[in-house]
Amino acid sequence: MRPGAYGPAAHQHPARQAGGALPPERGGRAGQPPQPGAQPWESAGRPPEATGRPPGGEGRQAAGPPGVPRFGGPADADRTPPVDPGATAVLPPVTRPPADPRMDATGLMGAVPPAPDAADGGDESSGEPPRPRRGERVVQLRPEQTGEGYRSVYSELTRPTVGSRLRTVVRGTGELLITFGIVVLLFAGYEIWGKAVIVEAHQSDLNSQLAQEWGADPTVAPTTGPTVKPKPPANGKPVAGLYIPKFDKHWVVVEGVSPNDIRYAPGRYPDSAMPGEVGNFSVAGHRIRSTFWRLDELKTGDAIVVETRTDWLVYRVYQQRIVKPSQVEVVAPVPGKPGQKPTEKLLTLTTCNPKFDNYQRLIIHARLDAVQAKSAGRPAELET
């Protein structure tokens, strides 16, 4: 678009010119004054009919820089129209409150104003930090340079000391001891209560085996004829029933005293006498809650009942003692006198001592007191 009297400059608002007054219009093209005697459309090169605008630019003013005449007039002609009150406005001056000289430039960002002077009521001097109260610890927030380097809050709080190392060792030792104690308690619980359930299950199986080996119940069909001497069974097989009425306990005694034999039941020493025979019927058992746990509570005169295929044998305790594991003469045919010929029918029970250990042996000696046939029913000692 060519610049001219009706170009973009003609649409500028008069209020935007300097001084607030309307500038004189330009009549020529490209900011040049028209020739004398020439019409404005002649200078622009287009007749008024082609532009569709009135001749002479009537009804519209062309904007231009100050000093440029309008419609070809001289530059020094003072033809400025009066100022339009609606085109300009006088803005009132903005007043700002006086700044506090004690506030710095960061006051708008939330900076803390400086502490009041001592003259305002403070007791301490401005250069001395406040004294910490009892129980408080003052830590420098900014790193400070020392002979060993910079020291900061992080280094003050994380630097290992003798006390921190000692606390770490004590804490680790305590955790290990607690863990070890829990493991020991779990093992003790298994030894006391866990094994009891297992032993009772195996005892039930041994009872069934013993009933099958003995065949028919002699209380229903009593046997006649001479008594046949029983033959020792194989290791691990049931031999007889053992009852201690004082504890209300009952076990099936198996053959053998190896760890596998007496794992779930008391075991008979292979070289000892059979139940009811002359000699020493010796039985060993573990000191666990399901077996000989309370054996030390037996006193003189307490009854121990042994069940065989045909009879009930009632023994009475006459001695209790503690010996070393090497004193095997306690299970000899005559206890404490190996090689001597026996004349009595004895019963010996052995177990570990003390509880939870095995560096001693607890020995219970009993003597046969009565024999009752199974056809006559259960002995009175088992009924009370």
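Q: Is E297 buried, partly exposed or exposed?
A: E297 counts as partly exposed, because its relative accessibility is 30%. The cut-offs are under 20% relative accessible area for buried and over 50% for exposed, with partly exposed in between (1.4 Å probe, protein chains only). Before we go on: this is a predicted model, where local features need pLDDT of at least 70, side-chain atom pairs count only at pLDDT 80 or more, and totals for chains, interfaces and linings use all residues. Residues are numbered from 1 along each chain as its sequence is written, and side-chain values use heavy atoms, with hydrogens and water left out.

Q: Thanks. Which residue forms a salt bridge with E297?
A: That's R294, with the closest N and O atoms 2.8 Å apart. A salt bridge here is a side-chain nitrogen of Lys or Arg within 4 Å of a carboxyl oxygen of Asp or Glu. R294 is partly exposed because its relative accessibility is 35%.

Q: How many salt bridges does that rule give?
A: The count comes to nine. Another one pairs E381 with R316, whose closest N and O atoms are 2.9 Å apart. This pair links distant parts of the chain, with E381 in helix α5 (residues 380–383) and R316 in strand β8 (residues 311–323), 65 residues apart. R316 is partly exposed, at 28% relative accessibility.

Q: What about E383, which residue does it pair with?
A: E383 forms a salt bridge with R378, and the closest N and O atoms are 3.3 Å apart. Salt bridges that share partners also join R316, D369 and E381 into one network. As for accessibility, E383 is exposed at 54%, while R378 is partly exposed at 41%.

Q: Switching topic: where is R287?
A: R287 is in the loop between β6 (279–284) and β7 (303–307). Helices (H or I, at least four residues) and strands (E, at least two) are DSSP runs, numbered from the N terminus.

Q: And is R287 buried or exposed?
A: R287 is buried, because its relative accessible area is 8%. Leaving out residues up to four places away in sequence, R287 touches several residues, including F292, D296, T351 and L362. Contact means heavy atoms within 4.5 Å.

Q: What polar contact does the R287 side chain make with N353?
A: It's side chain to side chain, at 3.3 Å. A polar contact is a pair of N or O atoms within 3.5 Å; within protein, one must be able to donate a hydrogen and the other to accept it, and residues adjacent in sequence count only if both atoms are side-chain atoms. A polar atom of the R287 side chain also lies 3.0 Å from the backbone oxygen of W293.

Q: OK, now the strands. In what order do they close into a barrel?
A: Eight strands close in the order β3-β4-β5-β6-β9-β10-β8-β7, with mixed pairing. Two strands pair if DSSP finds at least two bridges between them. Strands β3 (residues 238–244) and β4 (residues 249–255) run antiparallel and are joined by six bridges.
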